[in-house]
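Good morning, colleagues. Please take a moment with the sequence and the model on the screen before I go through them.

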Amino acid sequence: GTVSQATLVYNSEDTAGVSGNFSTTLYTGNGGTLDVTTGIDLSGSNEGLVWLKKRSGSANHALYDTVRGATYGFEGSNSNASSAQESAGLTAFSSTGFSLGNRAVTNDNNATYAAWGWKSATNFFDIVSYSGNATSNRAISHNLGSTPGMIICKSLSAGNWGVWHRSLTGNNGLKLNGTDAAGGPLV
């Protein structure tokens, strides 16, 4: 398929330091297997997230992270569905991007897609897995090296996508899969 890439720059400089840690990649599906080059190394012990969205036609978002493994995805940031193993979706992370199987949500023949890739990096992005215990005001460790500016939480079982942003006051949160006003805890 066809692939094009973009990174964030300001006055031709990577002032945010995202080169190699974030990319937006547009690709065209081929309905078979496809290697997508993003410039983001998610191989080996590198951690990160790939978020895919079909641009032509309609389909849910598909999210895959290195912590759970390539074939474990969430279908839909607009859904509260649980995580599922999808052997034909994103099949592997690589040093240059990722590989896809023939799943229509991620690689339909001649369909166009956007892929956003994040690699874990200090002061930029981190992905953390933890076991919940229903305790309020619980601290979750991360490797950002600074206070997070935004947090998105999703249970591996069915449940809402909780969102917190530093511009929200108090313990107010949002739901990525809802239209409710800010209020209440993240999940």
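Predicted model: local features only at pLDDT ≥ 70, side-chain atom pairs only at ≥ 80, totals over all residues.

How many bridges join E5 to strand E6, and in which direction do these strands run? Three bridges join them, and the two strands run antiparallel. E5 and E6 make up a hairpin, with six residues between them. In the turn, Gly 69 adopts a positive phi of about 110°.

Let me stay with E5 and turn to one of its residues. Asp 65 belongs to this strand, which covers residues 62-65. Is Asp 65 buried or exposed? Its relative accessible area is 7%, and the cut-off for burial is under 20%, so Asp 65 counts as buried. The side chain of Asp 65 reaches the backbone nitrogen of Val 67 at 3.0 Å. Beyond the neighbours within four places in sequence, Asp 65 is in contact with Gly 48, Leu 49, Ala 70, Tyr 72, Phe 93 and Ile 127.

I now step back to the chain as a whole. It has one helix and 13 strands. Along the sequence, the pattern reads β-β-β-β-β-β-β-β-β-α-β-β-β-β. The chain has 187 residues, of which 37% count as buried. Among contacts with a separation of 6 or more, 50% are between residues 24 or more positions apart.

Next, the open sheet. It consists of three strands in the order E3-E9-E8, with antiparallel pairing. Strand E3 (34-37) and strand E8 (90-93) stand at the edges; each has a single partner strand, so one side of each is left without a neighbour in the sheet. On average, neighbouring strands of this sheet are turned by 25° against each other, direction ignored. Between E3 and strand E9, residues 97-100, there are four bridges, and the strands run antiparallel. Thr 37 has Gly 97 in E9 as its bridge partner.

Strand E9 also holds Ser 99. Ser 99 has a relative accessible area of 16%; burial means a value under 20%, and therefore this residue is buried. Which side chain does Ser 99 join through a polar contact of 2.6 Å? The partner is the side chain of Asp 35. Not counting residues up to four places away in sequence, Ser 99 touches Leu 34, Asp 35, Gly 89, Leu 90, Thr 91 and Ala 92. Ser 99 and Thr 37 are 62 residues apart in sequence, while their C-alpha atoms are 8.7 Å apart.

Finally, the nonpolar cores. The largest has 18 residues, and those that touch the most other members are Tyr 27, Val 50, Leu 52, Leu 90, Phe 93, Phe 98 and Leu 100. The elements giving two or more residues to this core are E3, strand E4 (48-54), E5, E8, E9 and strand E10 (112-119). Apart from this core lies another, of 10 residues, including Phe 22, Phe 74, Phe 125 and Ile 127.

Thank you for your attention.

How values were computed:
Residues numbered from 1 in each chain as written. Heavy atoms only, no water. Buried < 20%, exposed > 50% of the residue type's maximum accessible area, 1.4 Å probe, protein only. Polar contact = N/O pair within 3.5 Å; in protein donor to acceptor, adjacent residues only side chain to side chain. Contact = heavy atoms within 4.5 Å. Pairing = 2+ DSSP bridges. Axes fitted to C-alpha atoms, helices over the stretch in contact; angles between N-to-C directions. Core = buried A, V, L, I, M, F, W, Y, C linked by side-chain atoms within 4.5 Å.
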